[in-house]
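Trainee: I would like to go through this model step by step. Can we start with the overall fold and then move to side chains and pockets?

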Amino acid sequence: MTNSAPMTPPAPYMPYVYFPWTLPIFVPWAALPWEVAWFLWRGVNLVLLIWSVTWAYKRHPLATAVLLVFLAAPIAATLDTGNITLLAALAVWAAQFVGPKVGGGLWALASVLKWFPAPLWLILPPRARLWGLIWASLAVILSLATWPQTLEQLQLAINYPRPFRGDY
């Protein structure tokens, strides 16, 4: 079976659909043996999730428990697939505790990789919002600098056939 597009891997693998300039973030994971990458990825996700849930539970126990029950299936699906959604959400959470430059950068990177964090800009500390816009502007410049590849990645992300999954 041959691929019609050069960026589309054979089944069952999914194509890389993020902006081309984000490759340096992901290439080190590809260099690791699968078992090591899997263990580290899930471990980092779980440690950060437990840390954020513990933090929230100390402040609002009932609301945290209800929210965790409500989000259990999406969190499980995210952990099961190795998706970066949870890390993107936790990056916006972490942006509250680091300086404005890093906080804005975390928000911008999370928003570039998964678009759902973009509206969360409103909950960033004011100086982090400014830095978030600066980092997001850099992301736009990098995307324009790699426009042909960016366009191909966007087309892959939009047109890639995905089977229906009831746990989404």
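Trainee: How many helices and how many strands does the protein chain have?
Mentor: This is a predicted model. Read along the sequence, the pattern is α-α-α-α-α-α-α. The secondary structure of the protein chain therefore comes to seven helices and zero strands.

Trainee: What share of the contacts with a separation of 6 or more joins residues 24 or more positions apart?
Mentor: A contact here means heavy atoms within 4.5 Å. Among contacts in the protein chain with a separation of 6 or more, residues 24 or more positions apart account for 71%.

Trainee: What percentage of the residues counts as buried?
Mentor: The cut-off for buried is under 20% relative accessible area. The protein chain has 168 residues, and the buried share is 27%.

Trainee: Is Thr78 buried or exposed?
Mentor: Thr78 lies in helix α3, residues 61-81. Leaving out residues up to four places away in sequence, Thr78 touches Asn83, Thr85 and Leu86. Its relative accessibility is 13%, so Thr78 counts as buried.

Trainee: What is the volume of the second largest pocket, and which residues are closest to its centre?
Mentor: The volume of the second largest pocket is about 370 Å³. Its lining has 19 residues. The closest to the centre are Leu87, Ala88, Ala91, Leu109 and Leu113.

Trainee: Which helix supplies the largest share of that lining?
Mentor: At least two lining residues come from each of α1 (23-31), α2, α4 and α5. The largest share of the lining of the second largest pocket is six residues, and the helix is α4.

Trainee: Why is the pair of Tyr16 and Tyr18 edge-to-face?
Mentor: The structure holds nine aromatic pairs. In the pair of Tyr16 and Tyr18, the ring centres are 5.6 Å apart. Planes over 60 degrees apart count as edge-to-face. The planes of Tyr16 and Tyr18 stand at 75°, so the pair is edge-to-face.

Trainee: Which of the two is buried and which is partly exposed?
Mentor: Tyr16 has 23% relative accessibility, so Tyr16 counts as partly exposed. Tyr18 has a relative accessible area of 17%, so Tyr18 is buried.

Trainee: How many residues apart are Trp55 and Phe97?
Mentor: Trp55 and Phe97 form an edge-to-face aromatic pair, 5.3 Å centre to centre with 80° between the planes. Trp55 is in helix α2 (residues 34-59), and Phe97 is in the loop between α4 (85-94) and α5 (100-113). The pair links distant parts of the chain, 42 residues apart.

Trainee: Which residues form the aromatic cluster that includes Trp55 and Phe97?
Mentor: Trp55 is partly exposed at 30% relative accessibility. Phe97 is also partly exposed, at 45%. The cluster is made up of Trp51, Trp55, Trp93 and Phe97.

Trainee: Which ring does the charged end of Arg129 sit over?
Mentor: The charged end of Arg129 is 5.7 Å from the centre of the ring. That ring belongs to Trp121.

Key:
Residues are numbered from 1 along each chain as its sequence is written. This is a predicted model: local features need pLDDT of at least 70, side-chain atom pairs count only at pLDDT 80 or more; totals for chains, interfaces and linings use all residues. Side-chain values use heavy atoms; hydrogens and water are left out. Helices (H or I, at least four residues) and strands (E, at least two) are DSSP runs, numbered from the N terminus. Buried means under 20% relative accessible area, exposed over 50%, partly exposed in between (1.4 Å probe, protein chains only). Rings of Phe, Tyr and Trp (its six-membered ring) pair if their centres lie within 6.5 Å; planes under 30 degrees apart count as stacked, over 60 as edge-to-face and the rest as tilted. A charge sits over a ring if NZ of Lys or CZ of Arg is within 6 Å of the ring centre and within 35 degrees of the ring normal. On a 1 Å grid over the protein atoms alone, a cavity is a set of points where a 1.4 Å probe fits but cannot get out, and a pocket is an open set with protein on both sides within 12 Å along at least five of seven lines; lining residues have an atom within 4 Å of a point. Grid points are joined across faces, edges and corners, and a volume is the space filled by probe spheres set on the points.
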